[in-house]
Structure formats: C-alpha cells, structure tokens
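Here are my comments on the model, as numbered points. Please read them alongside the sequence and the coordinates.

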Amino acid sequence: MAFTPLHRILGRQPSPLTDEILSAAVQAGAAETDDLDWKKELPPAKGLPQTDFPKDVAAMANSGGGMIVYGVDELQKAATGRLDTGELTEVHERTLHSAAITAITPPVFGLEIHRLGTGTRAVAVVVPASPDGPHLIYKGEYFGAPIRNNADTVWMKEREIAAMYRARFDEQRRSNEAIDALYAEAATGRDTTNRAWLIAVAHPRIPGALVRPPRDEAQAIFKQAESITLSYANRNAVHPLENIDRFNPRPGLRRWVALNTASGEGSQWREAWASVHHDGSVTLACAVGGHRKSDGGNFEGQEVESRAIEAAVADFSALVRATAAARHHGEYDVCIGVEWAGERPLTVLTVDGHGYTFNGVSTPLSSYTPVRSTINAVATDEEYHRQVYELAQDCVNQGGITYLHVISEPADEPEE
C-alpha cells in the first residue's frame, strides 16, 4: 500500500494511488508543500533532460522524497482544477526514468510513475527518499543542488551542500555497521570447521519503521520469493528456499524466521535458515560445503559447488525483492560471503561440458572475501535479473570459476 502526500493531505490510510484520490485533493484545494508539486502539463519527451524535470526530481530527492503531479491547475500554489495531460506513452515514460538517471548526479532511482484518469488524464511521479544526496544538476561547466523550500524549488548554499555530504557519509557508515552486525549474527554458531557456509545479508539503504508485519505477510514474502527465483534460475542445484519452513515462519527478535527443515537422517547437508526483519533487512545462511555427490557420497567440507553458490544467491536475491515489494523499500546494501574455518583451502567446483563436477580450474582460497554491493530491489524484472547475474558472477569468480550454470544470462538491454 502507498502513502503519498495526497493521502496525508486528505487524512487517509495507506492505499493504492487512484484518480479519485487526486480529484479529492484538487477539490479540497490542496496547496503545494515541500513534498507536493502541481504541474499543468507533462514535459515533452524530446529534449527532456533540458527541461525542469531533472531539477524538480532532484529537489524532491534532496528534500526527503515527494510527488510531482502533472495535470493540475493552481492559483497561488493551491489546486484549482484538473487539466488533461494527454496520453503518457511507454516511450515517454521510459524517457522520464532515463532523465532521472542520466541528467542527475548521482542518479535518482526508483521513480514510481502513475497514470491517473481516463477522460481528464493526469500523471503522478513519486520520487523516493534518497540516501545519496546532494543530487546535482549540471548546466555546462556549472552545477547546483536544488531543494524544496515549502512550495518553491531553490538552490542550496555551499554550507547546505556540505552538510548533506556529511549526512550521506554518516548514513553509509551506519549502513555498513548494520550489514556487519547482520553478517556476524547470521554466521554465529555455524559448524564452519566441518563444512563451508554461505552467509548472505541485506539491509535497506533507507530502513523502514519497526512495524511488525503479520504472519500471513511473512508467509507471502517467502512464497513470492520461490516464484521470483525460478524466473532467472533453474533447478539444477540445491535451493535453500526448498529447505526452510517457508509456510510457518516463527517470530524472532524483530523478525520472522523460516527454520531449517533439512534435519532428517542424511539430509543435514542441505541445512538452511532465513529471516525477514521488521525493518526490511533479510538474512540467509545455508550449508554449501559437503553437498551430496551424484554417486551417493559427499564432497569434503571445503569443497563447494559453484552451482550451490548460484542457487543461494538466486534465492537470497529473490527474498530481498519480495521483501522490498511487501515493505516498500528500494535500494539494498548486500553482503555475501562463504565462511570456512577448516585447515584445508576452500575450493569452488564447477562442471564440465557433460555436467560432471570437477576442480580443474579452481583457485584454492585460504579465505573468502565477502562480496559487497548495492542492488535496486524495485528495478524492472530485466534490470533485476542482470543485477542478480552480476552478483553471482562476483561470488563464483573469486574461486576461479568463469561461467554460471544455474542463473540464466539476462538478455541484452534494448538500445534507446
């Protein structure tokens, strides 16, 4: 459910943004604020980066997020009526997204664009809060940082820009500390002297309020993750999501925990644990060393199939995406590592052209360096697929492995 400036002005509970809500706000004469900007018409698709659109988006992002509504007439900043913006084509919408990324530095990701109305059409652009401020606009050799000042857009002074940079660096430090704490907690208690474990954690760059989601919402997140992971990964590996009790998550400390179900005789090698935290964080811990061989035996504890790493990265990424959709988050900082405390070097195994496991190209590792990245969990399906693919590549490349065998290669991005 969305909670926009229009919901706040009308005193409504979170709900999908509709044409009726916009009409009610206009009828009430809602005035522009620091998070709401009325515009009469859409900027043209041609030459969009040279219009005020990038400046307006950057100002909203620098001010904690907000909404720009096209198709509203106003007098002295107060809405007076509706105007028809015409049809927003798919190409025009892509141009709006592109301008927010290419005409603003650093880019503003995660715009939500809503088409409202049929007869009298309007377009609402929801700009998310951003931890990457200040967002700058360049005009030739000059640049500036716009910001909302109540109902106006103004340019920040040097002192304000410096303060925002300090806030950005402080927030990144806090995010790193949160990631490190999640990772250490998820890795604690694993029998890493006997078998290698993959630890994956994610923390939203803008954490949400600590609101306890109901159990059925947690169940829905785990269920949705199952279908997401199979949209870019095959079943030719052991998937951790298949070895947790995703239908009956248990309450934990400000989180829901999906307990391990691979505890029967001979199945312990598939052990996995996952959790979705109330602030939107996600963790996954699963055994990746000592998996079952095709001939019935088991690999050594330090031998890790690259396919097991891929499947774990795919499932973890799917859980992040499902959580982001349910809890209304955007970008996540992630950290994925393989923990092994045995004496022999860690070895990542791949498969040959016939599908048989071998270690002829592996690089023995005395330690595995955790892979850190930032992913946009609300990107398009194609963009998210590419992020997952590149993340998995980083994870297996460290062991000397080049190719992925579980996560499919994403299609090439279409040219503009």
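**Notes on the model**

1. Pro106 sits in the loop between α4 (90–102) and β5 (112–116); helices (H or I, at least four residues) and strands (E, at least two) are DSSP runs numbered from the N terminus. The peptide bond from Thr105 to Pro106 is cis, with omega near -10 degrees. A cis bond also joins Gly133 to Pro134, with omega near 5 degrees, and Pro134 is found in the loop between β6 (122–127) and β7 (137–139).

2. On provenance: this is a predicted model, in which local features need pLDDT of at least 70 and side-chain atom pairs count only at pLDDT 80 or more, while totals for chains, interfaces and linings use all residues. Residues are numbered from 1 along each chain as its sequence is written, and side-chain values use heavy atoms, with hydrogens and water left out.

3. Most residues other than glycine have a negative phi, and most peptide bonds are trans. Gln76, not a glycine, has a positive phi of about 50 degrees and lies in the loop between β3 (72–75) and β4 (78–82). Asn150 has phi near 60 degrees, in the loop between β9 (146–149) and β10 (152–155). Gln76 is exposed at 75% relative accessibility and Asn150 is exposed at 51% (buried means under 20% relative accessible area, exposed over 50%, partly exposed in between; 1.4 Å probe, protein chains only).

4. Helix α5 (residues 158–187) has 30 residues and reaches 44 Å from its first C-alpha to its last, close to the 44 Å expected (1.5 Å times one less than the number of residues). Its buried residues include Ile161, Met164, Arg168 and Ser175. Among the elements covering the buried residues of α5 are α3 (53–62), β11 (197–204) and β17 (331–339). After α5 comes Gly189, with a positive phi near 85 degrees.

5. Two aromatic pairs are counted (ring centres of Phe, Tyr and the six-membered ring of Trp within 6.5 Å; planes under 30 degrees apart are stacked, over 60 edge-to-face, the rest tilted). Tyr138 and Phe143 are tilted, at 5.5 Å centre to centre and 40 degrees between the planes. Tyr165 and Phe169 are stacked, at 6.3 Å and 25 degrees. Being four residues apart in helix α5, Tyr165 and Phe169 are separated by about one helical turn. Tyr165 is partly exposed at 28%, whereas Phe169 is exposed at 52%.

6. The largest nonpolar core has 57 residues, of which Leu198, Ile309, Phe316 and Val320 touch the most other members (a core is a set of buried Ala, Val, Leu, Ile, Met, Phe, Trp, Tyr and Cys residues joined through side-chain atoms within 4.5 Å). Helix α7 (306–327) is among the elements giving two or more residues to this core, and α7 gives the most, with twelve residues. Leaving aside neighbours within four places in sequence, the contacts of Val320 include Ala202, Ile375 and Tyr384 (contact means heavy atoms within 4.5 Å).

7. Arg321 lies over the face of Tyr384, at 4.7 Å from the ring centre (the rule requires NZ of Lys or CZ of Arg within 6 Å of the ring centre and within 35 degrees of the ring normal). Arg190 lies over the face of Trp197, at 5.2 Å.

8. The disulfide count is zero (cysteine sulfur atoms within 2.5 Å). For Cys335, the nearest cysteine sulfur is that of Cys395, 9.3 Å away. Cys335 is buried at 1% and Cys395 is buried at 0%.
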